[in-house]
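Here is a short report on one protein model. Keep the sequence and the 3D view open as you read.

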Amino acid sequence: MSSSSLQFVTYAIADAMLAGPPEAATMVERMTLVLGEPAEWMNRLARRVAKRFGPRWDSVDSKELSKVVAENAGFVAAWRGESRPRVLRVLPRPPVQRPAPPWLHDAVLPQLPTLGDLAEWLVIEPDELDWFADRWRVPAQDAGTRLHHYSYKVVEKRDGRCRIIEVPKSRLRALQRKVLQGLLDRVPAHDVVHGFRSGRNTVTFAAPHAGKAVVIRFDLMDFFTSVHAGRVYSVIRALGYPLEVARALTALCTNRVPSGRLLAPDVRDRIDWQERQRYRNRHLPQGAPTSPALANLCAFRLDLRLAGLARSLGATYTRYADDLAFSGGDDLARVAQRLEIRVAAIAIEEGFAVNLRKTRVMRRGARQHLAGVVVNSHPNLARTEFDALKAVLTNCVRLGPVSQNREGHADFRAHLAGRVAHAAMLNAARGAKLKGIFDRIVWCRNHPVDAGSGTYSRKTWEQRWRSL
């Protein structure tokens with residue numbers, strides 16, 4: 001852009017005014033530095049700007065102020081005169097963190113106006129921040145280089161396809177946890193959200209739908225990978241963070257899977273073209289600690305619109321991660337098919353997609369369940385789940401817990417304890433039975449193990465079971 005173009009000059013004048021406090025006299029001094037000489041129109045413009053924008057100076061941007069400059073009668077006359085204003089130097093505005101939006105007036109967000117402040121807050125050096133937030137450092141085709149900040153694990157889906165879990169390496173994961181605990185956890189998601197929120201769980205997600213004539217469940221496809229870097233950046237900018245800081249935070253929390261990994265034999269034929277493109281573009285990685293909170297924030301408009309749709313139908317709406325649930329009376333049951341169309345359309349408009357094959361319309365008389373919770377009359381544990389967990393616990397008592405840890409949980413005891421606690425929360429009587437069996441499991445580490453395997457032998461556990 002030419003240094004003498006109208007747009008360049010008006011932006012330079014706006015930047016000069018914004019480069020300091022909203023006081024007319026100092027604004028005139030800064031405009032004089034930029035244009036090289038004072039002019040009478042500067043005084044009138046500065047007084048007008050100070051009066052109009054002074055109370056919200058930190059939230060004013062160059063674009064908004066440049067329009068005021070371009071419409072100022074004194075400046076227009078000077079621009080049409082023989083000696084047009086020319087920019088001799090640029091006086092940039094120091095980075096400023098804008099105030100948080102009004103709906104976040106109670107939230108205390110970290111003040112990070114510069115990249116230096118961000119690096120200091122993360123307790124790393126500025127060059128380390130460049131290293132972790134460099135979005136283009138490694139070619140997308142390279143799959144095995146150590147320069148990548150992520151490792152990849154392929155998880156098979158029930159239909160034979162696969163999902164790629166993107167696991168950040170230890171140092172990046174520590175930085176992401178700092179961002180999660182120090183920033184993202186202070187920004188509330190929509191009230192209908194029950195996934196990845198303190199004090200909420202699958203039970204609070206399902207409970208509002210208990211005892212309803214119809215329960216309708218929708219599933220969002222590729223929930224995390226659908227949230228691309230641009231949406232994450234927009235959320236962070238909306239919190240008031242300057243451009244460079246928002247870019248760095250976005251880069252810290254997003255990833256793109258290298259093409260070499262996507263074309264590997266264990267992945268290549270198990271994801272479709274659209275999924276491959278999502279993985280190739282920067283997105284929220286499933287496996288990063290920041291992804292659930294950011295996904296909830298990026299889905300705020302989706303939740304807002306679906307909650308409004310539910311209210312218009314006299315229905316109830318909640319969301320747990322990629323599970324959407326609606327429930328209501330006979331009126332909702334009659335418009336269930338139209339609701340499917342409306343929900344799918346809203347999801348597409350908000351950057352998500354509903355997996356129509358997984359949509360379930362569950363009417364009274366059949367089993368109504370959400371996230372493993374039966375809601376026909378009240379939140380309850382499904383009989384099949386109770387029986388399966390009881391069988392695992394019983395076999396742990398008889399054969400030892402190692403024999404039942406088929407999925408390789410690092411802390412199998414904590415895993416089982418969590419499942420028992422979940423069952424007790426849903427059904428106290430059944431939970432008490434499961435807890436009784438759990439308490440009989442022998443977790444002792446001082447008994448013989450199979451040579452070289454590090455695990456208790458089946459024979460040893462059978463002997464111990466018979467001796468109980």
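## Charge on the surface

For charge, Lys and Arg count as positive, and Asp and Glu count as negative. A patch takes residues with over 30% relative accessible area and no salt bridge, and like charges are joined within 9 Å. Keep in mind that this is a predicted model.

R163 has a relative accessible area of 31% and is partly exposed. The cut-off for a patch is over 30%, so R163 at 31% can take part.

Now the negative side. E125, D127, D130 and D134 gather in a surface patch of negative charge. Find D127 in helix α7, residues 126–132. D127 is exposed, and its relative accessible area is 54%.

## An enclosed strand

Is strand β5 enclosed or open? Look at residues 323–328. Six of the six residues in this strand are buried, so β5 is largely enclosed by the rest of the structure. Buried here means under 20% relative accessible area.

In a regular strand, side chains alternate between the two faces of the sheet. Strand β5 can be read in this way. D323, A325 and S327 point one way. L324, F326 and G328 point the other way. All of them are buried.

## The neighbours of β5

Which strands pair with β5? One is β3, residues 214–219. β3 and β5 pair in the antiparallel sense, over six bridges. Within this pairing, V214 stands opposite G328 of β5.

Another is β4, residues 316–320. β4 and β5 also pair in the antiparallel sense, over five bridges. Two facing pairs can be picked out here. Y317 stands opposite F326 in β5. R319 stands opposite L324 in β5. Both L324 and F326 are among the β5 residues that point the same way.

Most residues other than glycine have a negative phi. Now look for exceptions. A321 has a positive phi near 55 degrees, and A321 is not a glycine. A321 is in the loop between β4 and β5. These strands form a hairpin with two residues between them. Is A321 buried or exposed? A321 is buried, with a relative accessible area of 10%.

D222 is another exception. Its phi is positive, about 45 degrees, although D222 is not a glycine. D222 lies in the loop between β3 and α10, the helix of residues 229–238. D222 is buried too, with a relative accessible area of 19%. Buried means under 20%, so D222 falls within that class.

## Salt bridges

How many salt bridges does the model have? The count comes to 18. A salt bridge needs a side-chain nitrogen of Lys or Arg within 4 Å of a carboxyl oxygen of Asp or Glu.

Take R261 and D266 to begin with. They form a salt bridge, and their closest N and O atoms are 2.9 Å apart. R261 is buried, at 16% relative accessibility. D266 is partly exposed, at 29%.

Next, go to helix α18, residues 383–399. R383 and D387 form a salt bridge, with the closest N and O atoms 3.2 Å apart. The two residues are four apart in the helix, so about one helical turn separates them. R383 is partly exposed, with a relative accessible area of 47%. D387 is partly exposed as well, with 35%.

Salt bridges can also share partners. In this way K157, D159, R161 and E275 are joined into one network. Within it, the side chains of D159 and R161 meet in a salt bridge of 3.2 Å, N to O. D159 is partly exposed, at 48% relative accessibility. R161 is partly exposed too, with a relative accessible area of 23%.

Definitions and conventions. Residues numbered from 1 in each chain as written. Predicted model: local features only at pLDDT ≥ 70, side-chain atom pairs only at ≥ 80, totals over all residues. Heavy atoms only, no water. Buried < 20%, exposed > 50% of the residue type's maximum accessible area, 1.4 Å probe, protein only. Pairing = 2+ DSSP bridges. Patch = residues over 30% accessible without salt bridge, like charges linked within 9 Å, V, L, I, M, F, W, Y side chains within 5 Å. Areas by Shrake-Rupley, 256 points an atom, 1.4 Å probe, with all protein chains shown as cover. Charge placed at Lys NZ, Arg CZ, Asp CG, Glu CD.
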